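Hi,

Here is the structure I said I would pass on. Have a look at it first, and then read my notes below.

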Amino acid sequence: MSTVQFSGFSKLMKKNHKVDFSHSNFGLAKKNEDQTKMQGSKDSFSLSQNISELLSPTCAMTEEEKQEYTKKIMAKLKAGKKLTTEEMHYLKDVNPDLYQKAAKVQAMRRALEEQLAHCKTKQEAQEAYMFSTSTVSEQDEMSEYIKAAYKDAYDEFCDSDEYKTLSEDEKEAQE
């Protein structure tokens, strides 16, 4: 099942932009049979492209707004926070290279979250966090972001009810 993002469309509507679909000749003009055969599947109206543009998070954004939004996303990444689906779509549209890097950071964060969810003691959770952090290469240009994501994931886990129910260590768990 796929999800549809309407963020770009809603931004477009909020700014009261007028959308002109009239450049399309999809079913609006009668053509002779030769023109239709020549054009075939190359209809100038690409429904999926127009919908994609309207649904894009960048729809109706100025260059300044795009730069500010990118800065906001970078600040979130630097702080180790999770990016929303909309933010990831934005990066994919505007800066595919940064999208790849952000996707890597988010995937590594999810991997640690999965490990933490399976820990049976607080000590085991701390060890999982420490091990994950220690495996981050300083040569990786995203190492600062990865470590921040690990810290944020670990802090969130430590604040959770699940963590609070864990015993301190194996000895306490056996008692």
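This is a predicted model: local features need pLDDT of at least 70, side-chain atom pairs count only at pLDDT 80 or more; totals for chains, interfaces and linings use all residues.

Leaving out residues up to four places away in sequence, Tyr154 touches Leu116, Ala125, Gln126, Tyr129 and Tyr163.

Then there is the pairing of α6 with α8. These two helices pack at an angle of about 30 degrees, and their axes are 9 Å apart. With the cut-off for roughly parallel set at under 35 degrees, α6 and α8 therefore count as roughly parallel to each other. The crossing of α6 past α8 is right-handed. On the α6 side, the contact is made by Lys104, Val105, Met108, Arg109, Leu112, Glu113, Leu116 and Ala117. From α8 come Tyr145, Ile146, Ala149, Tyr150, Asp152, Ala153, Tyr154, Glu156 and Phe157. By type, the residues of this contact are twelve nonpolar and five charged, with no polar ones.

As for the whole protein, it has ten helices and zero strands. Of its 175 residues, 34% count as buried. Among contacts with a separation of 6 or more, 62% are between residues 24 or more positions apart.

Cheers

Methods
Residues are numbered from 1 along each chain as its sequence is written. Side-chain values use heavy atoms; hydrogens and water are left out. Contact means heavy atoms within 4.5 Å. Axes are lines fitted to C-alpha atoms, for helices over the stretch in contact, and angles run from 0 to 180 degrees between N-to-C directions. Helices (H or I, at least four residues) and strands (E, at least two) are DSSP runs, numbered from the N terminus. Angles under 35 degrees count as roughly parallel, over 145 as roughly antiparallel, 65 to 115 as roughly perpendicular and the rest as oblique. A crossing is left-handed if the near helix is turned anticlockwise from the far one by less than a right angle, and right-handed if clockwise. Ala, Val, Leu, Ile, Met, Phe, Trp, Tyr, Cys and Pro count as nonpolar, Asp, Glu, Lys and Arg as charged, and the others, Gly among them, as polar. Buried means under 20% relative accessible area, exposed over 50%, partly exposed in between (1.4 Å probe, protein chains only).
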